[in-house]
Amino acid sequence: MFHVKTVSALTRAGADIPFKLCSQRLRSTLTSTSVSQDNVSSRGAHRDSARSDCTGQPGRGGEDGTTTPANEISVDFEQTQEAYKSKDSLELLRSLVVFKLCSFDFLVDKNKEIMDLGKKILGQRAFDQFMKMTFYGQFVAGEDHMTIRPLIQKNQAFGVGSVLDYSVEEDISQEEAEQKEMDSCVSTAEKESIGEDHRERKYTAHKQFGDRRGGVTGARTYFYADEAKCDQHMETFIKCIKASGGSSMDGFSAVKMTALGRPQFLLQFSEVLVKWRRFFSFLASQQGKDGMEALEQRLELKQLQDFLIKLGAKGDFYGWFSGSKKESSGTIDMLDWNSLIDDRTNISDLLVVPNLELGELVPLLETFTVEEERQMKRMLQRMDVLVKHAIENGVRLMVDAEQTYFQPAISRLTLEMQRIYNREKPVIFNTYQCYLKEAYDNVTMDVELSRREGWSFAAKLVRGAYMYQERERANEIGYEDPINPDYESTNIMYHRCLDYVLDEIALNRNANVMVASHNEDTVKHTLRRMNGLGLLPTENKVYFGQLLGMCDQISFPLGQAGFPVYKYVPYGPVNEVMPYLSRRAQENRGFMKGAQKERELLWQELKRRLASGELLYRPAY
């Protein structure tokens with residue numbers, strides 16, 4: 001039957017896990033649901049009012065025809081002298097050469113073979129030095145936390161901070177990657193075919209897509225080996241956090257959840273979360289509320305109770321959700337619904353899903369071993385250790401997004417940490433991939449939860465790094481493509497999510513966003529909206545982010561104008577970051593073919609220095 005009784009929270013199963021899937025949300029929000037429901041509509045009015053007061057079109061701040069505020073800050077991305085004042089002429093020339101080489105298909109397609117040949121001809125030491133003068137020097141800061149410090153400090157002197165990212169990857173074959181993925185994503189019960197499971201194909205491992213590096217250009221990939229290897233990854237992240245704290249103020253450090261534990265749990269928990277959300281949508285459709293935005297859907301508890309009883313479920317759902325009937329408006333939304341899976345003694349007890357045919361909650365899998373339960377807990381423990389180190393070192397954690405079959409769990413676990421650690425200031429940033437069809441719903445629900453509970457929403461908005469892989473997997477396995485149909489629709493989604501968060505910042509100053517984009521139009525759009533909403537760069541609520549070695553004509557003018565801007569700074573030994581550099585070359589091929597502006601600006605600055613006798617210019621800081 002559907003379980004409706006409150007039991008001990010997640011961490012009661014292991015008291016050494018300080019954060020939990022909290023149940024406080026349920027009581028605190030639903031006892032004032034009638035007020036909250038009014039607030040939803042009034043907030044919408046406030047948002048519309050804010051946009052109409054300072055924009056020519058809804059959500060398009062600062063467009064033509066709007067009134068320009070007296071304190072508007074503008075940034076000129078065409079001034080090459082300002083954009084490249086942190087670079088000497090050799091660095092500019094290196095950028096030109098590297099970007100040009102990245103535009104040749106043959107060199108990019110055969111880059112691994114060419115680099116292997118280079119090692120044989122030059123020898124390892126000479127090859128490493130050559131790479132430091134070219135590709136490695138362009139995109140990687142250094143080999144360890146000591147050698148990266150001069151670049152970090154130089155960038156900081158010119159107004160650009162750092163998001164440190166230790167980019168070493170295991171150089172394994174496709175066959176090894178596929179085998180590791182199958183071993184780590186399939187539970188013991190599945191391997192032994194014990195009992196009946198209720199799995200969906202999207203959230204099960206498939207060998208042909210076991211090598212998650214395929215079709216991915218900008219993100220490093222981790223494969224599970226064992227718990228000791230996860231501990232090593234945690235120690236590496238700790239060193240990265242300490243390096244960030246020791247090299248700059250208010251820095252960031254990037255982490256990946258798949259590096260910290262067995263991905264089997266992420267797959268299974270993602271499936272549970274998606275099925276619960278899908279079940280809510282089904283119930284909303286039964287009440288004639290399909291087609292509405294996710295946050296606007298509210299279930300009538302009385303109708304819900306009657307419907308579930310017809311399915312054969314037992315329990316006082318009305319009393320469970322309302323706590324006290326006289327204090328409730330008699331409705332619940334998606335956030336209240338999600339709290340049903342918060343209160344379970346063991347982590348494996350979270351992995352239950354509603355079964356419409358049986359009218360009860362059924363386990364995703366019939367059995368979990370003791371070791372699998374421990375592995376799930378260890379992933380959470382490692383993440384908690386990283387957060388505590390980040391707080392001690394004055395560093396913020398940026399949790400990277402990953403594939404859609406892992407992402408619901410990653411986002412939920414990140415959100416649970418935000419509920420604990422983002423109370424006083426934003427420490428943990430979640431990443432939202434705006435090429436996903438559900439991106440806006442994800443952003444709006446998390447913003448609403450942060451508002452209800454009073455913690456700082458903190459997000460990094462990206463377009464996404466897994467598009468080709470995600471599309472091919474969906475097509476081959478047979479589920480709906482999760483990606484927006486084209487680049488323009490992704491742009492619209494990105495701006496829609498961004499506008500929502502900017503409006504939230506303007507309303508209560510308790511949200512934070514990093515605009516992680518190389519798209520100049522998106523950056524200009526953000527500046528227009530900030531000016532229209534009266535958001536000052538000194539408030540440190542809106543950040544900008546680009547990759548090291550790319551789009552300096554955007555990053556440095558922003559930094560010198562006083563905006564918080566950061567470079568994603570990879571580092572690691574030359575030989576061990578080759579997989580990262582290989583994919584960076586592939587990413588740059590498309591980037592450089594699609595946009596010539598950066599090369600033109602680099603040439604323009606070199607010619608200006610030559611004409612003015614500044615070819616030997618050295619940055620002073």
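Modeller: Let's start with the second largest pocket. Its lining divides into 17 nonpolar, ten polar and 15 charged residues. Keep in mind that this is a predicted model.

Colleague: What volume does the second largest pocket have?

Modeller: About 1,300 Å³.

Colleague: And how many residues line that pocket, and which lie nearest its centre?

Modeller: The lining has 42 residues. Nearest the centre are Val274, Arg277, Pro408, Glu438 and Asn442.

Colleague: Which one gives the most?

Modeller: H19, with six residues.

Colleague: H13 and H18 are both in there. At what angle do those two pack?

Modeller: At about 85°, with the axes 7 Å apart. An angle of 65 to 115 degrees counts as roughly perpendicular, so H13 and H18 are roughly perpendicular to each other.

Colleague: Which residues make the contact?

Modeller: From H13, Phe265, Leu266, Phe269, Ser270, Leu273 and Val274. From H18, Gln407, Pro408, Ala409, Ile410, Arg412 and Leu413. By class, that contact has nine nonpolar, two polar and one charged residues.

Colleague: Let's back up. How many helices and strands does the chain have?

Modeller: There are 25 helices and 14 strands. The chain has 621 residues, and 57% of them count as buried.

Colleague: And what share of the contacts with a separation of 6 or more comes from residues 24 or more positions apart?

Modeller: 79% of them.

Colleague: On to single residues. Where is Ala259?

Modeller: In the loop between strand S4 (252-255) and helix H13 (263-286).

Colleague: Is Ala259 buried or exposed?

Modeller: Buried. Its relative accessible area is 0%, and the cut-off for buried is under 20%.

Colleague: What does Ala259 touch, leaving out residues up to four places away in sequence?

Modeller: Tyr222, Cys230, His233 and Phe237.

Colleague: Where does Gln381 sit?

Modeller: In helix H17, residues 370-392. Gln381 is at 21% relative accessibility and counts as partly exposed, because buried means under 20%. Gln381 and Leu260 are 121 residues apart along the chain, and their C-alpha atoms are separated by 9.2 Å.

Colleague: Now the backbone. What is phi for Asn540?

Modeller: Near 55°. That is a positive value in a residue other than glycine. Cys551 also has a phi near 55°.

Colleague: Where are Asn540 and Cys551?

Modeller: Asn540 is in the loop between helix H22 (520-533) and strand S13 (542-547). Cys551 is in the loop between S13 and helix H23 (552-560).

Colleague: Last one. Where does Leu615 lie?

Modeller: In the segment after helix H25 (597-612). Leu615 is partly exposed, with a relative accessible area of 40%.

Colleague: How far is Leu615 from Asp88, in sequence and in space?

Modeller: They are 527 residues apart in sequence. In space, C-alpha to C-alpha, the distance is 8.2 Å.

Colleague: And which residues does Leu615 touch, not counting those up to four places away in sequence?

Modeller: Ser89, Leu606, Arg609 and Leu610.

Key: Residues numbered from 1 in each chain as written. Predicted model: local features only at pLDDT ≥ 70, side-chain atom pairs only at ≥ 80, totals over all residues. Heavy atoms only, no water. Helix = DSSP H or I, 4+ residues; strand = E, 2+ residues; numbered from the N terminus. Buried < 20%, exposed > 50% of the residue type's maximum accessible area, 1.4 Å probe, protein only. Contact = heavy atoms within 4.5 Å. 1 Å grid on protein atoms, 1.4 Å probe; cavity = no way out; pocket = protein on both sides within 12 Å on 5 of 7 lines; lining within 4 Å. Points joined across faces, edges and corners; volume = space filled by probe spheres on them. Nonpolar A, V, L, I, M, F, W, Y, C, P; charged D, E, K, R; others polar. Axes fitted to C-alpha atoms, helices over the stretch in contact; angles between N-to-C directions. Parallel < 35°, antiparallel > 145°, perpendicular 65-115°, else oblique.
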